[in-house]
Structure formats: structure tokens, C-alpha cells
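Take a look at the structure first, then work through each one a step at a time.

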Amino acid sequence: MRHLIPILALASFFAGTTGTAAQRCIKESDHVRARDLGIAPGVLAPGPLDAISPVRARWLQYRVSGNTIHTGATAIVPHGGNLYQSKVPAGVVVFNGYGKSAGLSQIAELGEIETPIVLTNTMSVSKAMDAIVDWTFAQPGNEKVLSVNAVVGETNDGTLNDIRGRALTSEQILRAIREAHPGPVEEGSVGAGTGTVAFGWKGGIGTSSRRLPDSLGHWTVGVLV
């Protein structure tokens with residue numbers, strides 16, 4: 001893998017949780033990925049883990065559930081170092097102006113990300129910003145940092161979740177950032193996808209990646225939806 005280009009699409013999408021080898025016996029109660037069922041769309045081979053997470057990325061899905069609470073947060077940490085001091089090149093395209101995301105204008109202006117990325121529900125964006133700022137201030141070498149561009153994306157889970165109750169706390173989201181780790185990405189009704197709905201169906205969160213051939217630069221493109 002030469003490079004990985006991550007793409008985040010903030011939308012509700014149906015996905016199953018990560019499965020194991022394709023040869024395993026599939027039970028009706030199992031949650032599996034499409035490739036476990038022999039469905040392999042496209043002509044390109046998947047990248048490592050067939051997910052947005054490259055080798056250096058860290059990841060955690062945090063879920064909160066109860067009788068009326070079905071929400072969560074997804075923390076994406078592009079690398080394990082000090083992100084403020086080692087910023088990540090980035091770009092942004094907004095195709096739905098109804099979102100309540102945070103930090104996009106500075107990405108468009110400077111072309112870089114300096115914090116973890118958190119995805120959560122619409123009414124928890126401010127809690128995610130607090131968590132990101134706390135994490136950034138706590139990193140060694142950031143003692144004199146006076147401005148932080150927290151990057152937060154949102155989805156409205158108010159159909160299945162008591163979104164007005166604002167059950168998520170900044171401390172819970174901060175824990176998700178701190179505990180983010182490399183490896184396979186959990187999918188389905190987890191993290192920011194816990195309470196999502198897509199066209200009347202239960203939604204969720206999903207990820208995939210594809211490797212381009214050498215003639216096109218041997219890039220790996222990862223997508224999170």
C-alpha cells in the first residue's frame with residue numbers, strides 16, 4: 001500500500017458487522033459483510049482490512065443504548081502521534097448544506113486536519129468539540145496551543161434516539177478518542193450509526209477500500225459511510 005486516501009461520507013447506510021474468513025459457515029444470526037456472502041462489487045481488489053483505516057490510523061466506535069437512547073460516537077485518529085504538531089493533508093466538499101458539522105471551513109482554507117475526527121449525532125457536536133479540544137490540549141508539546149480546529153461530522157438519529165436528551169457526554173467521547181486503536185473496523189449499528197435511519201430502513205455505519213493498479217499510482221482509497 002503506497003498511500004491511503006480516506007473519504008468520509010456523512011449519510012445513513014445499512015451495513016453488517018465485520019465477519020471472518022469467507023469460507024466459514026454463515027448462520028442466520030450472524031452479522032456479516034457482503035464479501036462473506038460472495039458479493040464482491042467492482043473490479044478492484046480491496047485494501048488492507050477492506051476499511052478506511054490504514055496501518056497508522058486508530059479507531060473506536062462508542063455506543064450508548066437504553067429504552068429511548070440509541071446513539072453513539074465514532075472517533076477516527078489519523079495517526080498515533082501529536083496531530084496538532086504533525087497535521088494531516090485534507091480537503092472537504094459539502095454536498096448537503098443542512099448538516100451541522102464543525103471545523104470544515106479551516107480544512108477548506110488550509111487543507112489540513114490537526115485533530116482527531118469525531119462523528120456523532122446532531123445535538124452532540126458541541127460535546128465532541130469539547131472532547132477533541134481536551135485531548136489536543138493534553139498532548140505533550142501542546143502546552144502553549146491557544147486555538148484548536150476540532151473536526152466533527154454529524155447525522156440526525158432523532159427517529160430512533162431521544163436526541164433532545166443529549167445522553168452522550170464529552171467524557172465518553174474523550175474516552176473513545178483515547179482508546180482508539182488500529183485494526184478491523186466495527187460496522188453496523190455502532191458508533192455514529194447506532195440510531196441512523198436510511199429511507200425508512202434501519203441504517204448504520206460501514207466502510208470499504210480499494211487498491212488502484214500501479215499504472216494509476218497504486219493508491220488505496222478508503223471510504224466510510
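**Exercise 1.** Find what covers the buried residues of H3.

*Solution.* Start with the residues themselves: Ser170, Gln172, Ile173, Leu174, Ala176 and Ile177 are buried in H3, where buried means under 20% relative accessible area, exposed over 50% and partly exposed in between (1.4 Å probe, protein chains only). Next, look for their cover, which includes strand E2 (58–65), strand E3 (70–77), E6 and H2. Helices (H or I, at least four residues) and strands (E, at least two) are DSSP runs, numbered from the N terminus.

A word on the model: it is predicted, so local features need pLDDT of at least 70 and side-chain atom pairs count only at pLDDT 80 or more, while totals for chains, interfaces and linings use all residues. Residues are numbered from 1 along each chain as its sequence is written, and side-chain values use heavy atoms, with hydrogens and water left out.

**Exercise 2.** Check the span of helix H2, then work out where its buried residues lie.

*Solution.* Step one: H2 covers residues 125–138, which is 14 residues.

Step two: list the buried residues of H2, namely Val125, Ala128, Ala131, Ile132, Trp135 and Thr136. Seen down the axis of H2, they fall within an arc of 130 degrees, so they line one face of the helix; the arc is that of the directions from the helix axis to the C-beta atoms. Remember that an α-helix has 3.6 residues a turn, so residues three or four places apart point the same way.

Step three: the cover over these residues includes strand E6 (117–121), strand E7 (151–155) and helix H3 (170–179).

**Exercise 3.** Which residues of H2 and H3 meet, and at what angle do the axes cross?

*Solution.* First the contacts (heavy atoms within 4.5 Å): Lys127, Ala128, Asp130, Ala131, Ile132, Asp134 and Trp135 in H2 meet Ser170, Ile173, Leu174, Ile177 and Arg178 in H3. Then the axes, which are lines fitted to C-alpha atoms over the stretch in contact, with angles from 0 to 180 degrees between N-to-C directions: they come within 8 Å and cross at roughly 50 degrees. Angles under 35 degrees count as roughly parallel, over 145 as roughly antiparallel, 65 to 115 as roughly perpendicular and the rest as oblique, so H2 and H3 are oblique to each other.

Definitions and conventions:
The expected span of a helix is 1.5 Å times one less than its number of residues.
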